[in-house]
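Please look over the chain below before reading on. The briefing goes from the whole fold to single residues.

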Amino acid sequence: MFCVRRCIRPTLQQLAKARGISSSCIDPNIGLTTDQIEYRDAALNFAKTELAPYMQIWDLSEEFPIETIKKSAELGFGGLFVSPDYGGLSLPRHDGSVIFEALSQGCVTTASYITIHNMVNAMIDTFGTEDQRAKYCSELSTMEKLASYCLTEPGSGSDAAALVTRATTDGSKYIVNGSKAFISGAGVTDLLVVMLRTGGKGPKGVSALIIDTATPGISYGQKEKKIGWNNQPTCVVNFDDVEVPCENLLGAEGQGFNLAMHGLNGGRINIASCSLGAAQQCLEDVLHYTNDRKAFNQPLNANQHVQFKLAEMATELTTARLIVRQAAKSLDSKEPNAVALCAMCKLYATERLFKVCDDALQLHGGYGYLKSYPVQQFWRDSRVHRILEGTSEVMHMLVARDLLKHL
């Protein structure tokens with residue numbers, strides 16, 4: 001992998017120079033270590049060569065690009081946070097954020113699915129038994145198998161502790177009944193980590209099971225028709241007397257809610273990072289568009305209002321990047337305020353960077369509303385980031401809770 005990165009780095013430096021980004025105030029490499037720059041180079045090259053040329057095709061055809069996703073595992077992107085013993089890179093969250101941001105410049109939807117796959121793999125590596133890690137993590141790291149995360153239900157979204165999917169014990173197995181909603185990759189992926197109820201009401205009655213999708217009794221609802229994230233299948237997963245070996249319990253009984261929240265802390269950084277990539281690409285594109293497009297006998301960017309708008313967009317992008325990377329560092333160092341910082345980074349980044357994408361679309365004028373221009377897809381694909389992995393409203397609650405508990 002190191003050789004791959006070293007081979008592509010000069011090409012990317014030339015690309016950045018040609019686009020005038022490498023020395024500007026929005027250069028994502030600012031503040032990164034040499035290793036982090038090499039990780040970003042590898043991810044950006046993959047994004048530009050394997051994702052960007054097909055992003056709009058996949059969107060229109062609603063194609064889940066499985067082979068391309070699996071190809072990213074050749075760079076280690078299937079097990080970013082997993083132990084090298086199981087094929088992973090064991091990277092800190094900060095490095096992962098840099099990688100996901102770069103991948104999202106090529107295709108937000110594909111990069112976002114890769115974050116979900118990595119979240120599941122990391123949860124098994126962190127909380128699984130040695131047998132579970134050996135059985136699942138290696139195949140997930142190579143992406144021989146793909147994974148989905150199952151928390152949300154038709155009747156419980158933000159109120160995750162109210163979930164009703166239930167697992168009852170029957171000798172050496174659990175019998176699972178219920179449904180999960182809005183599951184990314186559902187119907188295509190091979191493995192599910194499912195949050196379900198094994199005890200009484202509330203978070204302490206929730207456990208987590210690892211379930212193979214080939215298990216009898218699993219069925220899927222119709223693929224949802226969405227505004228964005230079209231090249232990633234999303235649907236309901238139904239469990240009808242699904243038998244799961246007790247050895248597939250992830251962690252201890254009653255620990256599932258804590259596992260879910262642990263996974264979501266990293267997931268919030270990942271999704272915020274995908275918003276960074278969308279906004280970075282939109283801003284790069286609109287900088288060139290406003291320079292090339294002429295109106296009233298001069299480039300659009302000769303207009304002071306346009307210049308000020310570009311400055312605002314650049315400031316929001318850079319500010320969001322700083323808070324996302326700070327949250328990632330706090331999670332890496334296990335700081336006591338890491339949960340609040342993860343919530344804060346997702347709240348700020350997904351809200352403000354969607355506005356950056358919206359402003360980029362506006363500056364494109366009518367062309368921005370055409371599907372032949374990528375800016376509209378970055379706008380559509382990043383909108384859902386304000387909802388999944390915890391809505392912006394729930395992020396407000398988490399930040400406020402952290403503030404008030406110290407009074």
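What follows is a set of short notes on the chain, grouped by topic.

This is a predicted model. The chain holds 12 helices and 10 strands. Buried residues make up 54% of the chain.

**Overall shape and surface**

- Along the principal axes, the C-alpha atoms fill a box of roughly 80 × 50 × 45 Å.
- Among contacts with a separation of 6 or more, 75% join residues 24 or more positions apart.
- The accessible surface comes to about 17200 Å². Carbon and sulfur atoms own 55% of that surface.
- The chain carries 39 positive and 43 negative side chains. The centres of these two sets lie 5 Å apart.

- Strand 2 spans residues 166–170, and strand 3 spans residues 173–184. The two pair in the antiparallel sense, over five bridges.
- A167 has V176 of strand 3 as its bridge partner. T169 stands opposite Y174, also in strand 3.
- Two residues sit between the strands of this hairpin. G171 takes a positive phi there, near 70°.
- Strand 3 also pairs with strand 7, residues 234–245. This pairing is antiparallel too, and runs over nine bridges.
- K180 stands opposite V237 of strand 7.

- P154 lies in the loop between strand 1 (147–150) and strand 2.
- Is P154 buried or exposed? It is exposed, because its relative accessible area is 62%, above the 50% cut-off.
- Leaving out residues up to four places away in sequence, P154 touches S179, K180 and A181.
- A338 is 184 residues away from P154 along the chain. Their C-alpha atoms are separated by 29 Å.

- Most residues other than glycine have a negative phi. Two residues here take a positive value instead: E62 and F182.
- E62 has a phi near 55°. The residue sits in the loop between helix 3 and helix 4 (66–71).
- E62 is partly exposed, because its relative accessible area is 22% and the cut-off for buried is under 20%.
- F182 also has a phi near 55°. This residue lies in strand 3.
- F182 is exposed, with a relative accessible area of 60%.

**Helix 11 and its cover**

- Helix 11 covers residues 375–383 and is mostly covered. Seven of its nine residues are buried.
- Which residues of helix 11 are buried? They are V375, Q376, Q377, F378, R380, D381 and S382.
- The cover over these residues includes helix 3 (55–61), helix 5 (93–104) and helix 6 (108–127). Helix 8 (256–292) and helix 10 (338–363) are also included in that cover.

**V98, inside helix 5**

- V98 is placed in helix 5, one of the helices that cover the buried residues of helix 11.
- V98 is buried, because its relative accessible area is 1%, under the 20% cut-off.
- Neighbours within four places aside, V98 is in contact with L32, Q36, R40 and R325.
- Q36 is 62 residues from V98 in sequence. The two C-alpha atoms are 7.2 Å apart in space.

**N301, between strand 10 and helix 9**

- Where does N301 lie? It is in the loop between strand 10 (298–299) and helix 9 (304–332).
- Not counting residues up to four places away in sequence, N301 touches L287, T290, N291, V306, Q307 and L310.
- L287 and N301 are 14 residues apart in sequence. Their C-alpha atoms are 8.0 Å apart.

Technical notes. Residues are numbered from 1 along each chain as its sequence is written. Side-chain values use heavy atoms; hydrogens and water are left out. Helices (H or I, at least four residues) and strands (E, at least two) are DSSP runs, numbered from the N terminus. Buried means under 20% relative accessible area, exposed over 50%, partly exposed in between (1.4 Å probe, protein chains only). Contact means heavy atoms within 4.5 Å. Accessible areas come from the Shrake-Rupley method with a 1.4 Å probe; for residues, only the protein chains shown count as cover. Lys and Arg count as positive and Asp and Glu as negative; His and the chain ends are not counted. The place of a charge is taken as NZ of Lys, CZ of Arg, CG of Asp or CD of Glu. Two strands pair if DSSP finds at least two bridges between them.
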